[in-house]
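Colleague: I have a few minutes before the next meeting. Can you walk me through this one, question by question?

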Amino acid sequence: MCIRHRLSSASFHTQHSATAAAAAKKQETEGFNVLTLPKQHPEWCKFLEQLTDFFSLLLWGGAVLCFVGYGLKREKDHLYLGSVLAGVVLATGIFGYFQERKSSNLMDSFKNMMPTMVKVVRDGEVSNMNAKELVRGDIIRLKGGDKVPA
């Protein structure tokens, strides 16, 4: 028996499909089928985190020591080195912030990829349902080009 015939046979659906009562019970314990986003921090906190990681703090410390050396000896080399170190920390912090923001926006776009409606087999019958109401164990019907509800 080929897989296509086995999956499309009515006996497979009636024997292995979830019942509406079992699905409701699973939905109570597991919740809706949606992506839960992590807690969001304000943008200024994200930027500040980029400027205060371990390596950046070392460079900030070096810049402060160079500025202190300039204040004590009035040698322009200390001023230039401190300015370069501070500029490097700012540039890498800005670059890191925008990279993190781009990846965060990519994660936000994943929730738009979830289909809104899906064909699901419950109690042996195919019906259209909101994708967020799916539970583990549901059998869904897909065609070529359909978005897969994860």
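Modeller: Start with the terms: helices (H or I, at least four residues) and strands (E, at least two) are DSSP runs, numbered from the N terminus. This is a predicted model, so local features need pLDDT of at least 70 and side-chain atom pairs count only at pLDDT 80 or more, while totals for chains, interfaces and linings use all residues. Residues are numbered from 1 along each chain as its sequence is written, and side-chain values use heavy atoms, with hydrogens and water left out.

Colleague: What pattern does the protein follow along the sequence?

Modeller: The protein has 6 helices and 3 strands. Read along the sequence, the pattern is α-α-α-α-α-α-β-β-β.

Colleague: How many of the residues count as buried, in percent?

Modeller: Buried means under 20% relative accessible area, exposed over 50%, and partly exposed in between (1.4 Å probe, protein chains only). The protein has 150 residues, and the buried share is 23%.

Colleague: In which loop does Arg 74 lie?

Modeller: Arg 74 has a positive phi of about 60 degrees, although it is not a glycine. Most residues other than glycine have a negative phi. Arg 74 is also exposed, at 59% relative accessibility. Its place is the loop between α5 (54–73) and α6 (76–110).

Colleague: Arg 74 lies over the face of which residue?

Modeller: A charge sits over a ring if NZ of Lys or CZ of Arg is within 6 Å of the ring centre and within 35 degrees of the ring normal. Arg 74 is 5.4 Å from the ring centre of Tyr 70. So the residue asked for is Tyr 70.

Colleague: The charged end of Lys 132 sits over a ring too; which one?

Modeller: The cut-offs are those for a charge over a ring. Lys 132 has its charged end 5.2 Å from the centre of the ring of Phe 32.

Colleague: Which residues do ring pairs link into a cluster?

Modeller: Rings of Phe, Tyr and Trp (its six-membered ring) pair if their centres lie within 6.5 Å; planes under 30 degrees apart count as stacked, over 60 as edge-to-face and the rest as tilted. A search of the whole structure finds 2 aromatic pairs. Phe 47 and Tyr 97 are edge-to-face, because their centres are 5.7 Å apart and their planes at 85 degrees. The cluster that ring pairs build is made of Phe 47, Tyr 97 and Phe 98.

Colleague: How many residues apart in sequence are the parts that Phe 47 and Tyr 97 tie together?

Modeller: Phe 47 is in helix α4 (residues 43–51), and Tyr 97 is in helix α6. The pair therefore ties together parts that are apart in sequence by 50 residues.

Colleague: Is Tyr 97 buried or exposed?

Modeller: Phe 47 is partly exposed, at 27% relative accessibility. Tyr 97 has 11% relative accessibility, so it counts as buried.

Colleague: What is the angle between the ring planes of Tyr 97 and Phe 98?

Modeller: The ring centres of Tyr 97 and Phe 98 are 5.2 Å apart. The pair is edge-to-face, because the planes are at 65 degrees.

Colleague: How many residues apart are Glu 30 and Arg 136?

Modeller: A salt bridge is a side-chain nitrogen of Lys or Arg within 4 Å of a carboxyl oxygen of Asp or Glu. Glu 30 forms one with Arg 136, the closest N and O atoms being 2.5 Å apart. Glu 30 lies in helix α3 (residues 20–30) and Arg 136 in the loop between β2 (125–130) and β3 (139–141), and their separation is 106 residues.

Colleague: Are Arg 122 and Asp 138 buried or exposed?

Modeller: Arg 122 forms a salt bridge with Asp 138, with the closest N and O atoms 2.7 Å apart. Arg 122 lies in strand β1 (residues 117–122) and Asp 138 in the loop between β2 and β3, so the pair ties together parts 16 residues apart in sequence. Arg 122 and Asp 138 are both buried.

Colleague: Last one: which residues make the nonpolar surface patch of about 520 Å²?

Modeller: Patches are made of residues with over 30% relative accessible area and no salt bridge: like charges are joined within 9 Å, nonpolar side chains (Val, Leu, Ile, Met, Phe, Trp, Tyr) within 5 Å. Areas come from the Shrake-Rupley method with a 1.4 Å probe; for residues, only the protein chains shown count as cover. Phe 110, in helix α6, is partly exposed at 36%. The patch is made by Leu 35, Leu 106, Met 107, Phe 110 and Met 113.
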